[in-house]
Amino acid sequence: MSDKITDKQTDVVVLGAGIVGVSAAVAARQRGLSVVLVDRREPGNETSYGNAGILSSGSILPLNRPSLFGTLPRYLTNRHAALRWNPAWAIRNIDWVVRFLANAAPSRLRPRAAALHGLLGASLKLHREWIVKANAGQRIRETGWLKAWRSDAVDAAKEEQAFLAEYGIESRLLDRQAISALEPNILPVYKVGLLHSQTASVDSPGEVVKAYARMFAGLGGDIRQSEIRAIVPDGTGWRVVLAAGEISARHVVVALGPWSAELLRPLGYRVPLAFERGYHQEFKPNPARSLLRPIHDAEGSFLMTPMEQGIRVTSGVELTARDAPSSFAQLDTVVPAARSVVEFGEAVGEPWRGARPTLPDSLPMIGPAPRHPGLWLSFGHQHIGFTTGPATGAAIAAMIAGAEPPFDAAPFSPGRYL
Ligand SMILES: Cc1cc2nc3c(=O)[nH]c(=O)nc-3n(C[C@H](O)[C@H](O)[C@H](O)COP(=O)(O)OP(=O)(O)OC[C@H]3O[C@@H](n4cnc5c(N)ncnc54)[C@H](O)[C@@H]3O)c2cc1C
């Protein structure tokens, strides 16, 4: 996989083998195109590895929604588990911050929810199909996703339920007893719950991406491991410069997740991409007290997902530079809170850090680069990229082939920012 690449020509080269790139590679190969997938690491080893593994049908409410204005004062103290932010970063990126907040206006909510609903629905359908085809069907759980409140937040839960219902997304409102019946092994700390019943989850997101990558290889796809250095226009096509050589292609798909903006800068594109960093730590489960589904502690601002290696506790958002040193303050806050819900043992492995790539409107870019035919942009999937990778890939492959994407891709057009 890491041998010298010379005279390699292909229809499509996909840059980045996270869930988004692997999905684009699978979908392009399914359309009969020759495809090379390149990453410096093995598939599914970065952001697509460390997430909470939720395949969400209901994540149509972006973080920058009207209720954000009500919670902002709490976040300004910089001590809340939901959001930590680096003031120096915020000043340097004030343009992004202002645009992100402007998108929280009420008028911006429903158009984005509708767009995300289309993308999520199409993607869940593909995940359910692909995970079986990729011989990883045992990894998916159709047990839903439980959002739970310790306070008497019935009104908040009902409001969310009504909003989801507008889009035909099912959920069940639960009281303390119903929560205990659903999750018999947790302590009765939650008063109110909302079960997103059409949501699924997996027990190892990284392994699912690897299974999709094997499916791609099985379809005749070519996977190469190398640092990608540059994308250069070359006649009517492209030359991708790698540490391990070069590849010529008619089409280039940029699916580099949080690293996507840098390689586009020399082509004149300034992508307003920021990083909602997040952490996880896994813990040895008590087999007699296991979780049956992911739980989102709404007020504690953390998630707990039963994974292959143990219970994965994931943190909220840290807004700072992508590569700034880690701060474990949020994990330190939420882990004791998680222990008050479910019994688990000592930590397994080291804490993990990733960066959710986010554009100011919290919608990904899916489509053609405005000034370069054959260059396709496919990144910025914020909190829901593991779910939305497959339909994103299918849309890019469809556009390359001149066909219709499986959802309305117009709201995701890169032209809105570039
Ligand atoms: C804590 C946390 C929890 C989350 N939970 C969920 C969840 O439950 N459900 C959900 O749907 N989403 C979730 N997400 C979001 C989701 O993980 C991301 O949106 C998604 O993984 C992004 O995928 P990607 O393919 O765009 O990026 P990545 O998975 O990061 O892939 C990008 C790839 O590009 C490669 N690369 C970058 N630069 C270069 C280079 N120069 N040369 C070679 N290779 C390069 C990297 O090695 C990497 O493999 C979560 C994210 C975090 C951080």
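Val317 lies in strand 18 (residues 317-319), where strands (E, at least two residues) and helices (H or I, at least four) are DSSP runs numbered from the N terminus. The structure is a predicted model, in which local features need pLDDT of at least 70 and side-chain atom pairs count only at pLDDT 80 or more, while totals for chains, interfaces and linings use all residues. Residues are numbered from 1 along each chain as its sequence is written, and side-chain values use heavy atoms, with hydrogens and water left out.

Val317 counts as buried because its relative accessibility is 3%; buried means under 20% relative accessible area, exposed over 50%, and partly exposed in between, with a 1.4 Å probe and protein chains only. Residues up to four places away in sequence aside, Val317 touches Leu63, Ala81, Ala82, Leu83, Arg84, Glu276, Arg277, Gln330, Arg356 and His383, contact meaning heavy atoms within 4.5 Å. Asn51 is 266 residues from Val317 along the chain, and their C-alpha atoms are separated by 12 Å.

His383 is also among the residues closest to the ligand, together with Asp39, Thr47, Ser48 and Thr387. In total, 31 residues surround the ligand, a residue being near if one of its heavy atoms lies within 4 Å. By class, this shell has 13 nonpolar, 13 polar and five charged residues. Ala, Val, Leu, Ile, Met, Phe, Trp, Tyr, Cys and Pro count as nonpolar, Asp, Glu, Lys and Arg as charged, and the others, Gly among them, as polar. Helix 1 (19-30), helix 2 (47-50), strand 19 (344-358) and helix 12 (385-400) each supply at least two residues of the shell, and the largest share, three residues, comes from helix 12.

A backbone N or O atom of Val20 lies 3.1 Å from a ligand oxygen atom, and one of Arg40 lies 3.2 Å from a ligand nitrogen atom. A polar backbone atom of Ala52 is 3.0 Å from a nitrogen atom of the ligand. The protein covers 97% of the 1000 Å² of accessible area that the ligand has on its own, by the Shrake-Rupley method with a 1.4 Å probe.

Strand 13 (residues 245-254) is largely enclosed by the rest of the structure, because seven of its ten residues are buried. Strand 13 runs parallel to strand 1 (residues 5-15), to which eight bridges join it; two strands pair if DSSP finds at least two bridges between them. Strand 12 (residues 237-242) pairs with strand 13 in the antiparallel sense over five bridges, and these two strands form a hairpin with two residues between them. Ala249 of strand 13 stands opposite Thr10 and also opposite Trp238.

Three bridges join strand 13 to strand 21 in a parallel arrangement. In strand 21, Leu377 stands opposite Val254 and opposite Gly367. Strand 21 (residues 375-379) is antiparallel to strand 20 (residues 365-368), with four bridges joining them. Strand 20 and strand 21 form a hairpin with six residues between them, and Gly374 in the turn has a positive phi of about 90 degrees.

Lys191 is located in the loop between helix 8 (176-182) and strand 8 (192-196). Lys191 is partly exposed, with a relative accessible area of 37%. Its C-alpha atom is 8.3 Å from that of Ile179, twelve residues away in sequence.

Key
Polar contact = N/O pair within 3.5 Å; in protein donor to acceptor, adjacent residues only side chain to side chain.
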